[in-house]
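Me: I'd like to learn how to read a structure step by step. Could you walk me through this one?

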Amino acid sequence: MDPLILSRMQFGANISFHILFPTITIALGWVLLFFKLRYNATNDSAWMRAYFTWVKVFALSFAMGVVSGVTMSFQFGTNWPGYMQHVGNIAGPLLAYEILTAFFLEAAFLGIMLFGFRRVSNRVHTLATVLVAGGTTLSAFWIIALNSWMQTPAGFEMRDGVAHAVDWWAIVFNPSMPYRLVHMLLASGLTVSFLIAGLSALRYLHGDRSESMWKALRTGVFTAAILIPIQILAGDQHGLNTLEHQPQKIAAMEANWNTGPNVPLVLFALPDEAAKENRFEIAIPDGASLILRHSTGGVVPGLNDYPGNHPPVFPLFWSFRIMVGTGLLMLAVSWSAAFFLKRRHSLPRPLAMLMVPMALSGWLATLAGWYTTEIGRQPWLVTGVLKTADAVGPVAGSHVALTLAIYLLLYVLLLIAYLGVLVHLALKAAKDGDSSPLPGVMKIAMSQPAAEE
Amino acid sequence: MSYDWSTLLPLIFAGLMGLAILIYVILDGFDLGIGILFAAAEDTEQDTMIAAIGPFWDANETWLVLAVGLLLVAFPLAHGLILTALYIPVFVLLVGLILRGVAFDFRAKVPAGKKHRWNRIFFLGSVVASLAQGYMLGVYVLGLDVGVGGMAFGVLVAFCLAAAYAAMGAAWVIYKAEGELQKKAVRWLRTALVLTALGMAAVSLATPFASPRIFDKWFVWPQMLYLSPLPILSALLFLWLWRQTFHLPKPDDRHALRPFLTLAAIFALGFAGLAWSFYPFVVPDKLTIWQAASAPESLAIILVGTVVVLPVIIFYSFYAYRVFGGKATDLTYD
């Protein structure tokens, strides 16, 4: 097979596996801080139980993120040497700042956050939680800045085929960066709130009615219910930003073949790139024009304007629909769950059973969203600057295929083990309920007599 | 050689990268080593050994990300050349690091019956990662030679580096453990030390004889005189540490950290020797640090961040080590 497509598949597999875990840790850090602060304020040990259940998930997710992240730092060189040769002057400093300001901060204080409860004062432990949560968010900031720059490059000039930085502010805060950052942070928040709600629903189904279960369940459901409408709004704004800067991506997402007014919103279709048409199309008349231009006569860009210079239509069309569909399902589920929790103080069994698989809905939507935006950048690696085909390394296709197969096998096994542990932790917490042993909680470090109970 | 920024910056970054690699090898060396020694330890000892590295390993591995990151951002041409030449060993290293990293967390969280499986994976991943690093070092030393000779030498260095990491691991256990396990670690250290010395001697001899350029850097008067402290001091430290293993552990646990510090010093000396051999090349005999470097303005903006942040990183890393100082006890989430 072609080394280019194999390299893309391998990089895609690695980065897809990687992004699952930062998506959890970015927001889970802040949720843990919330649990910790509630405990500090109320002295209610149920908050601390919730903290200790979820800090284990955090530790495991963080470890998965670290090891898959190490893989990423090598893959730039092994798969895309041309990338750094051409845009290294831009990408380098952004990556360096991510490592220097975020990675070390997270890694150093994670130890204290996980194991340091008896060794430092409660205040320092809270501070460690703040620093870890801040570190994960900061690393999202830098990597999103770099990714957005690849989508909508700004603040540079080309000299002899190599990009040189001119304006760092323009590079970091490039046109799509604020939208993408907000969209991703909200995605992380939703992923975590559905994960917490889903695993708490699993505990609920197993008869666990402990205070720590209720606290986690409410936190998950209400956070999701609040974030999802904001996310829909932010996603819409992000789409309008893409329309302005990468119209060919929008054309492919909507499977719109010809530029013009009165473009329908296609709900279902099998886009056929060879025939330049949609088969089995079901569409709402004028829908796309209304959404993108806020008028039925609004002109929506079509693929005919970008011959040979637009992304593949089929994967874009469908990954976008999977993301939006998942988002709408999240809206329905989180609002009904919030309603029942608020009014009835209980969950109907069918809803709880739906919430358990929905624990992974955030992952699905996040991956679908990333596929939309990343495949949507093709055939460019850096829009208008560097084509993906020009960055691939000289490694033989057979090498890439072999390693890709092993990576995939490894990732599947690790995902099974990871999900198995999550379920195991939830069931164990359900069995222990409020009787689980609580590690000593202290206001003063060491040597003080332990524990609140 | 003029001393303007475009000359100085690549030099500074080569130094920073070297520092990151050295810190990585010393720090991740001891936790990889503990993984290697897992095979020789009992169940309860394994828990203590994990507790001795639990709070640190994430941060230790981050130094590898920094080292590779600096290679990537400061010497992008070299990053591409080296890593495509070492495509398969890099892949093996990554699989090893992935397995051991996650095994670390899984073994503590799975139902008790499955713990054994993750212990084995932790051992296997640590061994594979150490061997892969040693192999890469061997191949790099011979100028990225991937012929039969280069591969054979790579295999030799692979085993020696694994032994060196095992020695680091044993030294760390001596510092963090008590009783029977500590005594056991002293014996581990003695065995691993022999192999480590052998490996360092092999690399030291192979490097100059593989490249006439490197030969001329070492065996020319008066350089020979100035450089002689490197091998002599290393040999003395080896001998001294070897003798120490017959007196450890000492009453009141005095000098428990000494073996680790001595090994760190030996690593640093060996590393200085390698650095002298390869300077000014970042890809041996192909690319100098100036040919491979990024644009000065990009390096400058990274340097600003590094100068501000690196001391802070070192400061809070020390703090984290101090919080978890003393003997390792059961590792719990508290």
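**Reading the model together**

Reply: Let's start in chain B, where Pro222(B) sits in the loop between helix H9 (212-218) and helix H10 (223-227). Helices (H or I, at least four residues) and strands (E, at least two) are DSSP runs, numbered from the N terminus. This is a predicted model, in which local features need pLDDT of at least 70 and side-chain atom pairs count only at pLDDT 80 or more, while totals for chains, interfaces and linings use all residues. Residues are numbered from 1 along each chain as its sequence is written, and chains are lettered from A and ligands numbered from 1 in the order in which they are written.

Me: What is the peptide bond from Trp221(B) to Pro222(B) like?

Reply: Most residues other than glycine have a negative phi, and most peptide bonds are trans. The bond from Trp221(B) to Pro222(B) is cis, with omega near 5°. Another cis bond joins Tyr279(B) and Pro280(B), with omega about 5°. Pro280(B) lies in the loop between helix H12 (258-278) and strand S1 (281-283) of chain B.

Me: Which phi does Asn43(A) take?

Reply: Asn43(A) has a positive phi near 60°, though it is not glycine. You will find Asn43(A) in the loop between H1 and H2 of chain A. Asp160(A), also not a glycine, has a positive phi of about 50°, and its place is the loop between strand S1 (156-159) and S2 of chain A.

Me: Is Asn43(A) buried or exposed?

Reply: To decide, count neighbours: a residue is buried if 20 or more other C-beta atoms lie within 10 Å of its own, exposed if 12 or fewer, and partly exposed in between, with C-beta atoms placed from the backbone. Asn43(A) has 11 such neighbours, so it counts as exposed. Asp160(A) has 5 and is therefore exposed as well. By contrast, Met64(A) is buried, because 27 other C-beta atoms lie within 10 Å.

Me: How many residues of chain A are in contact with chain B?

Reply: There are 62 of them, in contact with 55 residues of chain B. H3(A) gives the most to this side of chain A, with 22 residues.

Me: How far apart should the ends of helix H1 of chain A be?

Reply: The expected span of a helix is 1.5 Å times one less than its number of residues. With 40 residues (3-42), helix H1 of chain A should span 58 Å, and its end C-alpha atoms are 58 Å apart, which agrees. H1(A) also bends by about 30° at Leu28(A); a bend is the angle between axes fitted to the seven residues ending there and the seven starting there.

Me: What is the mean pLDDT of chain A?

Reply: pLDDT is the predictor's confidence in each residue, from 0 to 100. In chain A the mean is 87, and 95% of residues reach 70 or more. Over residues 440-453 of chain A, though, the pLDDT is below 50. Where pLDDT is low, the predicted coordinates should not be read in detail.

Definitions and conventions. Two residues are in contact if their C-beta atoms, placed from the backbone, lie within 7 Å.
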